[in-house]
Amino acid sequence: MRTTASYDLFPDSRSERALARARWLAREGRTRDAQAAYDELLAGKPDLKPGWAEYFELLRSSGRGEDALQLADRARATFGDTGFSLTLRGAALTELGRYPEALAELERAVEVDPDLALVWHELGYAAYKLGDRNRALLALDRAFALEPHTDTLKLRGQVLREAGRYQAAEVAFEGAAQAAEHAEQRADAEREIATTRRYGYYAPRRPDDLTTAERWFADTGSIVLASTPGPVAPSDATIVATFAEVAANSDWHFGQVILLGPEVPALNELAYRLGAPFVTPAALDESVCPLIVGLRPLPADRIWNGLVGKLTDQQTGLVFALEHPADGQNGGMTSDVIGVLTDAGERRERAPNPVQAVNEARHPGARLAGRRLRPS
């Protein structure tokens, strides 16, 4: 859902202030307060379409599909069977996975208001979720022709990438970055560009043709060492030994090791094997090619995110974690930081086979951004 569409109704100064407050609360992650602010705003200004659209997006982005559908029904009661209200309802049905119903509702919206860019965008998204990429691209092209918008270009890039059309996808994401109105939108588009380039390493294979480990690398920039399910899970010591082997084979040299999170005996062994001293986060020195290590990523930890950010800015060093959360998030690592991880981190339950080392000769991670992996 694009929340900055050009509607024919603009808020007055009082409504604009109320809308700005609701937006601020949403950006701050205060979802319940933002919801209350939107409810108050729409109670006094029920014809304010940007408020309805932004409130809907707040609910959808929070994974509250049923609440989003209820809001769409409220909008329908307010505006009638207009293209706008039908689009909200179709978008809510898409979020609930009710794709045939969603398409039917969005097709009704097209009949009512064929010049509303928002309905074509949502129609493209619903078709994409159904796996109809051609229809998705046609709808998104129509949406962009009616109203150029960075979110439409971003979605177009995602559709093209899933189809294995990596160069065209990168062009779409670059357009999204250029059209971005906010820093967050631009950063998001730049992450998509980096992800698309990693997928491009596997061309002409499509994302659906890649193994779990290959998709993990493409999506997160993290190299997976233990990826094949098997009867015996590798121990921490085995994974550490494998990382040391990868470092030796790839001629990586680290000047310091920084441990974040709980102490893990195997990581002390890693520092010994690498011949690098353990130091505190305060002693970080980017010039000596640091190695950040931990049992698992710490996405909510300010120190973790700060150190990883510094390595990314300087294009030096690595991040190494023994486990990874099963939700697929890369735990604060940015796309240019190579993390060497176990597959999804569930080593005791998934029981991957003994680790197989990766090396620069046969893994695309070695070609990431010319990262410096030796002290200056």
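Select helix 1 and helix 2 to start. Ser15, Ala18, Leu19, Arg21, Ala22, Arg23, Leu25 and Ala26 of helix 1 are in contact with Asp33, Ala34, Ala37, Tyr38 and Leu41 of helix 2. By residue class, this contact holds nine nonpolar, one polar and three charged residues. Keep in mind that the model on screen is predicted.

**Stop 1: the helix 1 and helix 2 pair**

Show residues 13-27 for helix 1 and look along its axis. The axes of helix 1 and helix 2 come within 8 Å, crossing at roughly 160 degrees. Because of that angle, helix 1 is roughly antiparallel to helix 2. The crossing of the two is left-handed.

**Stop 2: on to helix 3**

Now colour the contact residues. On helix 2, select Thr31, Ala34, Gln35, Tyr38, Asp39, Leu41 and Leu42. On helix 3, select Gly51, Trp52, Glu54, Tyr55, Leu58 and Leu59. The classes here are eight nonpolar, three polar and two charged.

Stay on helix 2 for a moment. Ala34, Tyr38 and Leu41 are among the residues that meet helix 1. Ala34, Tyr38 and Leu41 also belong to the contact with helix 3.

**Stop 3: a glycine in helix 9**

Jump to Gly157, in helix 9 (residues 150-162). Is Gly157 buried or exposed? Gly157 is buried, and its relative accessible area is 0%. Next, select Ala172, 15 residues away along the chain. The C-alpha atoms of Gly157 and Ala172 are 5.0 Å apart. Leaving aside residues up to four places away in sequence, Gly157 touches Ala169, Ala172 and Phe173.

**Stop 4**

Most peptide bonds are trans. Select Ala203 and Pro204 to see a cis one, with omega at about 10 degrees. Pro204 sits in the loop between helix 11 (183-200) and helix 12.

Follow the chain into helix 12 (residues 212-220). Which residues of helix 12 are buried? They are Ala213, Glu214, Trp216, Phe217, Ala218 and Thr220. Gly221 follows helix 12, with a positive phi near 75 degrees.

**Stop 5**

Most residues other than glycine have a negative phi. Select Cys289, which is not a glycine but has a positive phi of about 60 degrees. Cys289 lies in the loop between strand 3 (278-279) and strand 4 (290-294). Check its surface as well: Cys289 is buried, at a relative accessible area of 0%.

Then go to Gln315. Its phi is positive, near 55 degrees. Where is Gln315 placed? Gln315 is in the loop between helix 15 (302-314) and strand 5 (318-321).

**Last stop: the whole chain**

Zoom out and switch to cartoon. The chain has 16 helices and six strands. Of its 376 residues, 49% count as buried. Take contacts between residues at least 6 apart in sequence: 63% of them join residues at least 24 apart.

Conventions: Residues numbered from 1 in each chain as written. Predicted model: local features only at pLDDT ≥ 70, side-chain atom pairs only at ≥ 80, totals over all residues. Heavy atoms only, no water. Helix = DSSP H or I, 4+ residues; strand = E, 2+ residues; numbered from the N terminus. Buried < 20%, exposed > 50% of the residue type's maximum accessible area, 1.4 Å probe, protein only. Contact = heavy atoms within 4.5 Å. Nonpolar A, V, L, I, M, F, W, Y, C, P; charged D, E, K, R; others polar. Axes fitted to C-alpha atoms, helices over the stretch in contact; angles between N-to-C directions. Parallel < 35°, antiparallel > 145°, perpendicular 65-115°, else oblique. Left-handed = near helix turned anticlockwise from the far one by under 90°.
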